[in-house]
Amino acid sequence: MPDHREKRLQKRKFTILFLLITISVMLEKCGNVDAARNPHSRKKQKSKKARILNKAFAPALPVPALPPSSFAAPPTQPDEASTNSSTNCIFNVMDFGAVGDGDTDDTAAFRCAWNSACQVNNSVLLVPSGNTFMITSTIFSGPCQPGLVFQVDGILMPPDGPDCWPDSDSHRQWLVFYKLDYMTLTGTGTIEGNGQKWWDLPCKPHRGPNGSTLPGPCDSPALIRFFLSSNLVVTGLRIQNSPQFHIKFDGCQEVHIDKLSISSPKLSPNTDGIHIENTKSVGIYNSMIGNGDDCISIGPGCSNVDIDGVTCGPSHGISIGSLGVHNSRACVSNITVRNAVIRNSDNGVRIKTWQGGTGSVSGITFENIQMENVRNSVIIDQYYCLTKACRNETAAVYLTDVTFRNIKGTYDVRSPPIHFACSETVACTNITMSEVELLPYEGILVDDPFCWNAYGVQETLTIPPIDCLQEGFPDTLAENALYGC
């Protein structure tokens, strides 16, 4: 009998020891983020029932009620688990020591909450409503368990301008999501960029004395950056007043963007709304964007991009490029922009490349676009240059298979509504014009379109007439090896 009691006693001791080790591991909050450990004491989050997260996110501005295309539907989790599953685990940043008064640096609490959420399937890092959280430049890195949701229901913002920016932090990015798969950024709150003091730096265009632009380092942070990630969903948020790009995707694939409201003043420099580069299989739907640069800019290395139901302006329009800078190679293909409204903008739909580049742009469709008081409504510019010092070069990015269909509305008479400035040596080919009708916003002058070395076909008569578009193909094209992608 004593032997049996002793065995039972040893078994109980082993069970208690195992439970203590398990609890210790669960309480270890920090250890996976590219940042320092939290110096503050942490509270263990109390267990609670999961919240229903798949609510109808309503941005602050109305968005067009257009059905998203199936081209880039939100990715399905590998285990088919959805974000409203009863197994969701919520990691509220307040439970990790965040104060949320808009002044206290809550970075450490966010990093610890991320570390915990990263290790759990279908977890939610919650930034609760009713509070304003300030954090410094942070990289939220993976890999993490699939289904992670970063939900911003309150206000999240960086330090207020360059003077408050820690010297040790990157001046080129603020909120970075790195090496993640099956992650969602969503919420009913606001990501506020505090961009005004960055825009006013004297190195920014015309912000120096007497409207000058002073030399010197002029780095400004992109507000949100996704890098080397896949199967991403970004939806429902208001993103505003970024120091530079509002949200950018670099080296990503399978990206679904829906119902965003992005805004900054018309004269805020380099504040592109959504920028993608080296990114494939992207859907951008039902969003409102107004800013000081391109609403959407598509850089090199992008393919299979579907843009549907975007309202844009004031802005610099929806752009492919710029491409080919510093004699670089650029490949962009299979881009569709449809059911869009562009108003009060310096450009409408645009392709811009630098002289001296190589590669190609192909399979581009701009369709069902409404223009309202837009300068340069339809533009191809293969002489893009930011100064007057750019030299003439013979190489160029090759443009082919570009369609403009059902583009109607009004244009700003300061520039011709249609402008096709193709390379002197590498002609644009297979341009298709169909149902393009553009009238002056004010006055009665109808400017003639401009074409240079542009070849294509008019399926219908355009307004104004585009007699300068040449039929067929040029007699010669430069070596194909330079333009294959």
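## F140, F150 and their ring pair

F140 is buried, with a relative accessible area of 0%; buried here means under 20% relative accessible area, exposed over 50%, and partly exposed in between, with a 1.4 Å probe and protein chains only. F150 is likewise buried, at a relative accessible area of 0%. F140 and F150 make an edge-to-face aromatic pair, at 5.5 Å centre to centre and 65° between the planes. F140 lies in strand β5 (residues 138–141) and F150 in strand β6 (residues 148–152), so the pair ties together parts that are ten residues apart in sequence.

This is a predicted model, in which local features need pLDDT of at least 70, side-chain atom pairs count only at pLDDT 80 or more, and totals for chains, interfaces and linings use all residues. Residues are numbered from 1 along each chain as its sequence is written, and side-chain values use heavy atoms, with hydrogens and water left out.

## Other aromatic contacts

Rings of Phe, Tyr and Trp (its six-membered ring) pair if their centres lie within 6.5 Å; planes under 30 degrees apart count as stacked, over 60 as edge-to-face and the rest as tilted. By this rule the count is 15 aromatic pairs. In one of them, the ring centres of F110 and F133 are 5.7 Å apart and the planes are at 70°, so the pair is edge-to-face. F110 belongs to helix α2 (residues 107–118) and F133 to strand β4 (residues 132–134), so this pair ties together parts 23 residues apart in sequence. F110 is buried, with a relative accessible area of 0%, and F133 is buried with a relative accessible area of 0%.

Ring pairs also link W114, F140, F150, F177, F226 and F249 into a cluster. R225 lies over the face of F227, 4.2 Å from the ring centre; a charge sits over a ring if NZ of Lys or CZ of Arg is within 6 Å of the ring centre and within 35 degrees of the ring normal.

Helices (H or I, at least four residues) and strands (E, at least two) are DSSP runs, numbered from the N terminus. From strand β27 (residues 378–381), V378 and I380 point one way and I379 and D381 the other way, and all are buried.

Two strands pair if DSSP finds at least two bridges between them. Strand β25 (residues 349–353) pairs with β27 in the parallel sense over four bridges, and I351 stands opposite I380 in β27. β27 also runs parallel to strand β29 (residues 418–421), joined by four bridges. Here D381 stands opposite A421 in β29.
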